[in-house]
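Look at the open space on the protein and at the groups around the ligand. This report takes the two in turn.

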Amino acid sequence: MTYFLGLTGGIASGKSTVSALFKEQGVPVIDADQIAHQILATNQAVQAQLQAAFGVAVVKNGQVDRPVLAQQVFGNPEALAQLNAITGPAILTVIKHQMQIAAAPLVVLDVPLLYEQHYEQFCDGVAVVYVERAMQLKRLMARNQITVEQANARIDSQCDLAAKKARADFVIDNQGTPAMLRQQVLELLQQLCHKK
Ligand code: ADP
């Protein structure tokens, strides 16, 4: 039996860093973002639906032009919902397939909008990577080289990270050093090994 651990957080809370630590420890990671990008690049049925919804220009040279698509949906909840309705089922199909063929005792499901898209129902437990807003803002500005206004807008477009933390089965606190983050991942791995 495989234990499926959902992994989520808020933008720049450290989810990708945690995901890399799991991989480094030999834990397979199913990466929803990577799957989404692959679908946009290759799935012609999805591409056709996106063109019908957002115009022919969203597909260029056989691939979805992600910046063009992003421009159309950013700050437009209705368009974003439409985009998710088109891509969501295809992403879920691939994730479910990867879950079925997973042959490890522990597999991480790395899903940025895990709770928003109700992926917790497919997980045995969910870990949330948490930082307080001020630190999230600082790290987001530094990583993306954006202004405080842009960073605040990005954070505000997501569900509240404190609410996700409250729902989590495991909280990974990323307010300390990278070494402290690493230690928590190792401890969580130990804990999950004993659960099996
Ligand atoms: P997410 O995947 O949640 O958007 P990242 O893993 O990319 O977040 O982390 C956001 C930024 O913060 C990155 O630039 C990363 O290098 C940095 N970072 C992550 N954890 C720490 C930490 N403990 N201390 C300092 N910087 C960190």
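## Second largest pocket

By class, the lining of the second largest pocket has six nonpolar, three polar and four charged residues. Here Ala, Val, Leu, Ile, Met, Phe, Trp, Tyr, Cys and Pro count as nonpolar, Asp, Glu, Lys and Arg as charged, and the others, Gly among them, as polar. The model is predicted: local features need pLDDT of at least 70, side-chain atom pairs count only at pLDDT 80 or more, and totals for chains, interfaces and linings use all residues. Residues are numbered from 1 along each chain as its sequence is written, and side-chain values use heavy atoms, without hydrogens or water.

The pocket volume is about 170 Å³. A pocket is an open set of points on a 1 Å grid over the protein atoms alone, where a 1.4 Å probe fits, with protein on both sides within 12 Å along at least five of seven lines; lining residues have an atom within 4 Å of a point. Of the 13 lining residues, Arg133, Gln136, Ile155, Asp160 and Leu161 are the closest to the centre. Helices α6 (133-144), α7 (148-156) and α8 (161-167) each supply at least two lining residues.

## Ligand shell

The ligand is surrounded by 14 residues, each with a heavy atom within 4 Å of it. The closest are Ala12, Lys15, Ser16, Thr17 and Arg143. Helix α1 gives the most, with three residues. The shell has three nonpolar, eight polar and three charged residues.

## Ligand contacts

A polar side-chain atom of Asn174 lies 2.8 Å from a ligand nitrogen atom.

Terms used. Points joined across faces, edges and corners; volume = space filled by probe spheres on them. Helix = DSSP H or I, 4+ residues; strand = E, 2+ residues; numbered from the N terminus. Polar contact = N/O pair within 3.5 Å; in protein donor to acceptor, adjacent residues only side chain to side chain.
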